[in-house]
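Here is a guided walk through one protein model. Keep the sequence and the 3D view side by side as you read.

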Amino acid sequence: MEQKKIIPTRKIQSYDDRKRVLVVDDNPILLRTAKEMLDEQYQVSIAVSAEQAFRSIARNMPDIILLDYEMPFVNGVEVLNQLRANSNTKDIPIIFFTGSSDREVVERLVVLKPDGYLLKPPNKKRMLSIIERTLYPELYEIGEDETPEE
């Protein structure tokens with residue numbers, strides 16, 4: 001039996017019903033690109049630094065954060081640690097962006113146990129998929145009766 005691929009079909013009623021995504025990266029071009037890719041389905045906020053990210057989070061708590069792993073001054077690891085140390089933000093899913101596909105970098109990133117990671121530049125289909133799977137895991141779970149036979 002083939003494993004079924006479950007595709008979510010959600011109808012968004014209004015802009016206010018959309019999940020909030022915060023994209024944090026020191027590259028304004030990546031921020032603009034990611035915002036354009038996500039704007040149709042999500043409320044998207046952007047931040048070019050950790051400081052801006054924390055201000056944005058205080059104003060409007062995001063449902064998920066796409067976070068640059070390597071930023072100047074305060075990097076993504078420090079941001080992740082600060083968010084996890086705060087009871088108000090510890091459960092926000094974090095997806096790391098990284099410009100490196102180097103095995104060592106990816107291994108260091110995965111050890112931090114983010115909810116996922118994306119290579120830069122982001123691919124729209126991949127980015128939407130990882131966000132959907134993170135925000136709506138119940139739509140992707142396969143029931144016992146759908147488990148492939150061995």
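Lys90 is partly exposed in this predicted model, with 42% relative accessibility. Lys90 forms a salt bridge with Asp91. The closest N and O atoms of that pair are 3.4 Å apart. Asp91 is exposed, at a relative accessible area of 62%. In general, side chains of opposite charge can pair when their charged atoms come close. The structure holds 6 salt bridges.

Arg55 is partly exposed, with a relative accessible area of 41%. Glu51 counts as exposed, at 56% relative accessibility.

Now turn to Asp68. Asp68 forms a salt bridge with Lys120, with 3.0 Å between the closest N and O atoms. Asp68 lies in strand β3, whereas Lys120 lies in the loop between β5 (116–119) and α5, so the pair ties together parts that are 52 residues apart in sequence. Is Asp68 buried or exposed? Asp68 is buried, with a relative accessible area of 1%. Lys120 is partly exposed, with a relative accessible area of 25%. Asp25 joins the picture too: Asp25, Asp68 and Lys120 are linked in a network of salt bridges.

Next comes helix α1, residues 28–38. Which of its residues are buried? They are Leu30, Leu31, Ala34, Met37 and Leu38. These residues cover an arc of only 130° around the axis, which puts them on the same side of α1. The face turned away from that buried side carries the exposed residues Ile29 and Glu36. What do the buried residues of α1 pack against? Their partners are the strands β1 (20–24), β2 (43–47), β3 (64–68) and β4 (94–98), along with helix α5 (124–135). Asn27 caps the N-terminal end of α1. One of its side-chain oxygens lies 2.8 Å from the backbone nitrogen of Ile29.

Follow that packing to α5. This helix has 12 residues. From its first C-alpha to its last, α5 reaches 16 Å, close to the 16 Å expected at 1.5 Å a residue. At the start of α5, a side-chain oxygen of Asn123 reaches to within 3.0 Å of the backbone nitrogen of Lys125. The buried residues of α5 are Met127, Leu128, Ile130, Ile131, Glu132, Thr134 and Leu135. What covers them includes α1, β3, β4 and β5.

Finally, look inside. In soluble globular proteins, nonpolar side chains tend to be buried together. The largest nonpolar core here has 20 residues. Which of them touch the most other members? They are Val23, Leu38, Tyr42, Leu66, Met127 and Ile131. The elements that give two or more residues to this core are β1, α1, β3, β4 and α5. Apart from this core lies another, of 18 residues, with Leu22, Val24, Ala47 and Leu80 among them.

Setting aside residues up to four places away in sequence, Leu66 touches Val21, Leu22, Val23, Val24, Leu38, Ile95, Phe97, Met127 and Ile131.

Conventions:
Residues numbered from 1 in each chain as written. Predicted model: local features only at pLDDT ≥ 70, side-chain atom pairs only at ≥ 80, totals over all residues. Heavy atoms only, no water. Buried < 20%, exposed > 50% of the residue type's maximum accessible area, 1.4 Å probe, protein only. Helix = DSSP H or I, 4+ residues; strand = E, 2+ residues; numbered from the N terminus. Arc of directions from axis to C-beta. Contact = heavy atoms within 4.5 Å. Polar contact = N/O pair within 3.5 Å; in protein donor to acceptor, adjacent residues only side chain to side chain. Salt bridge = Lys/Arg side-chain N within 4 Å of Asp/Glu carboxyl O. Expected span 1.5 Å × (residues − 1). Core = buried A, V, L, I, M, F, W, Y, C linked by side-chain atoms within 4.5 Å.
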